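Trainee: Could you take me closely through one part of this model, the packing around a core residue and what lies around it? Please give the cut-offs as you go.

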Amino acid sequence: ELVAQIARPAFLEDGHIKFELQRGLWDRPSVPDLSLKAWITDGAGRKIFVMNSPTGYNGPDIDYAIGLVGLRQGKDTKRGVNLNPDLMAQTLIQGEATFDPVIGIPGQARMRIKLTQDRGDFNANPVLAEQTLLLRGMETRVPFTLTTDSTYFDPYVPAPFLSISLTDVNGRIFYESGEVRAREGQNFIKLYPR
């Protein structure tokens, strides 16, 4: 479901292409999870720079830094000259993080959710998607949704890892889950005191 969009010339300013999205207010009881998607096309409308994975939308008062990677064109490339318009097919990783607040919850607590690919390299697994949620009050069951490329979910490749931590505003960890294999269905992740 498209909420807002903008198309603008790709002029670099200090190595960045600045953008601003305007959208109306939601007139519905629940707000769906939103993500940002960006790409650059050439003169023929073909995508030449794309995102590896969409970036979760966490509100209007945040500056989003979106990284784009280049795609090669030509008959000898995997995707060929005519790129599939559904190039950035997405997979939703949904779940709920729970914890028992035996050591309390810090003020301005944050829950950091990270999805990493399993390449078997210690501390070198690439991050596929991540999100930071601000906790309000004494939440002990926190739902989350991440979006990532569907190409990372392959029956012949180990499932990626989900790791969730609850921190204070300075990044000090109070609870964490460790690395748990992600599932395509609902993920229930338990956090433990550190």
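Mentor: Start with contact, which means heavy atoms within 4.5 Å. The model is predicted, so to speak of local features takes pLDDT of at least 70, side-chain atom pairs count only at pLDDT 80 or more, and totals for chains, interfaces and linings use all residues. Residues are numbered from 1 along each chain as its sequence is written, and side-chain values use heavy atoms, with hydrogens and water left out.

Now take leucine 191. Setting aside neighbours within four places in sequence, it contacts Ala97, Thr98, Phe99, Met111, Ile164, Ser165, Leu166, Tyr175, Glu176 and Ser177. Leucine 191 also belongs to the largest nonpolar core, which has 23 residues. Such a core is a set of buried Ala, Val, Leu, Ile, Met, Phe, Trp, Tyr and Cys residues joined through side-chain atoms within 4.5 Å. Buried is under 20% relative accessible area, exposed is over 50%, and partly exposed lies in between (1.4 Å probe, protein chains only). Met111, Ile113, Leu162, Ile164, Leu166 and Leu191 touch the most other members. At least two core residues come from each of β6 (90–98), β7 (110–116), β8 (127–134), β9 (141–149), β10 and β11. Strands here are DSSP runs of E, at least two residues, numbered from the N terminus. In soluble globular proteins, nonpolar side chains tend to be buried together.

Next, a charged residue. Aspartate 168 sits in the loop between β10 (161–167) and β11 (173–181). Aspartate 168 is buried but has no salt bridge. That term needs a side-chain nitrogen of Lys or Arg within 4 Å of a carboxyl oxygen of Asp or Glu. Arginine 172 is the nearest side chain of opposite charge, 5.1 Å away.

What does the side chain of aspartate 168 reach at 3.0 Å? The backbone nitrogen of glycine 171. Beyond four places in sequence, aspartate 168 touches Pro106, Gln108, Arg110 and Phe174.

Methods: Helices (H or I, at least four residues) and strands (E, at least two) are DSSP runs, numbered from the N terminus. Lys and Arg count as positive and Asp and Glu as negative; His and the chain ends are not counted. A polar contact is a pair of N or O atoms within 3.5 Å; within protein, one must be able to donate a hydrogen and the other to accept it, and residues adjacent in sequence count only if both atoms are side-chain atoms.
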